[in-house]
Amino acid sequence: MSNLSEYEKKRLENIKANEELLKTFDIPSLGLKRKKPAESIGNTNKRKHTPVKREIKQPTRVSARLRGKSPDKNIERENTAVEDDNRSKTIDSLDEQNHKKLLRIMERTLLPNTEPMIKTEDDVDDKAIVDQLNELKIHHDWVTVKVTPNRINGCCAIDVEGYLGFWAINEKEENEDPVVYNYRPHTRTVTDIKFDPLDPSKLLTSSYDGSIRIFDMNKAEFETLDTGSEKYPITSFDIQQDGHLIWFSTSDGEVGCVDKRTGGAPTVYQPREKKVGCIHINPVHQEMLAVGSNDRTATIWDIRNLGKGEPLYSFDHGYAVTSCYWSPKGDMLATSSYDDYIRLFQLNEQKDMQLKSAIPHNNHTGRWVTNFRARWNTNRYHGLEHQHLAIGNMNQTVDIYSGESGKEMIQLYDQDHITAIPSVAQFHPNTLKPTILTGNASGRMALYL
């Protein structure tokens, strides 16, 4: 104590005296441990807290396969904080009563030779399409309809918990509630959904769980496409027009191909180093594959030479490319990016590509809103003459842009029905009149008809 100041000596003596005094009282102990005076006295510097060493967890985007580990089917799903004990469980069937009800609805939807034959005019212009779009309204009685348990990732309705939901739009329950049917074909986020081009009664879905499931709408039953392994975290997929070859992308920058007829181990290429979030095969030039990546590029590849050399074209973006889709005529490519632009690239007859339009659009959806994707109207009755596309908006509108001029054609909004961001917006592919389905982060949908 010789090095202590007089003040500190006096303070230490008073502490000891107080402790001796307290011992004379019969006070029950609270089980609290006090620090010894010597631990603080004589230290004039602010006490530093020793940091607790915590184990750093690998981000979910890092593939277990690339880290040399077996895929963990119970890994936390990307972009969702949902915690439950049923992650590894799927729901592939309904109870008998609902199964029969759904089949009756499907039968009315899938009757053969019922596609309308209509006369198309060669002189359909921008004004005619705008007039049609101006007629779009939300007519259903419900504000929105809960179709999936969690955030919708695409229409029909797929969500981040692995669910596939069907909304029977023209049906009502006895209590006037909407008719909705739910399956859970996947154990993780469902990333993409498409109809089989050869058989529209078959609906295919992909997931981060590494599987592609095929839903037979005639039987209301699922089958699993044999890809040889479930080790690939699938982010999107597309089907060639012959209906046989399925191409898929992964969160590790890979693009793979598998024959639906034979299944087995896919042929896998590594065109990018970072996540590929979207791929799309040109509907006219089937050898051309568009690839959108987190490396801030949209690239065009010849699938016949995918494992060799460089892409045919590479277009830089300011941030990650969240979508890249060919127009129904195959002559335009629309991309969306976190750099707040929708870009339109023109493909000419010589298969040269150049930027045609750059449309400012707030694409900063954040973590809890599904990425905006600029999707074309592929409906052959009203989507081909004047090509146009739809995309959600942070201001809760659905924006529709001309693919010919890049100008906004119309904004859709209904203040009585829309109270959340319609992050997913897609045209129905088969209706006579333009029809748009929207989905939000609560698993709710609305219909513009």
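Q: How many salt bridges does the structure hold, and what counts as a salt bridge?

A: A salt bridge is a side-chain nitrogen of Lys or Arg within 4 Å of a carboxyl oxygen of Asp or Glu. The structure holds 13 salt bridges. This is a predicted model, in which local features need pLDDT of at least 70 and side-chain atom pairs count only at pLDDT 80 or more, while totals for chains, interfaces and linings use all residues. Residues are numbered from 1 along each chain as its sequence is written, and side-chain values use heavy atoms, with hydrogens and water left out.

Q: Is Asp 259 buried or exposed, and which residue meets its side chain in a salt bridge?

A: Buried means under 20% relative accessible area, exposed over 50%, and partly exposed in between (1.4 Å probe, protein chains only). Asp 259 is buried at 18%. Its side chain meets that of Arg 261 at 2.7 Å, N to O, and Arg 261 is exposed at 57%.

Q: Where in the chain do Arg 272 and Asp 295 lie?

A: Helices (H or I, at least four residues) and strands (E, at least two) are DSSP runs, numbered from the N terminus. Arg 272 forms a salt bridge with Asp 295, with the closest N and O atoms 2.9 Å apart. This pair links distant parts of the chain, 23 residues apart: Arg 272 is in the loop between strands S13 (267–269) and S14 (276–281), and Asp 295 is in the loop between strands S15 (288–293) and S16 (297–302). Arg 272 is buried at 14% relative accessibility, whereas Asp 295 is partly exposed at 22%.

Q: Which residues are linked in a network of salt bridges?

A: Asp 141, Lys 172 and Glu 176 are linked in this way.
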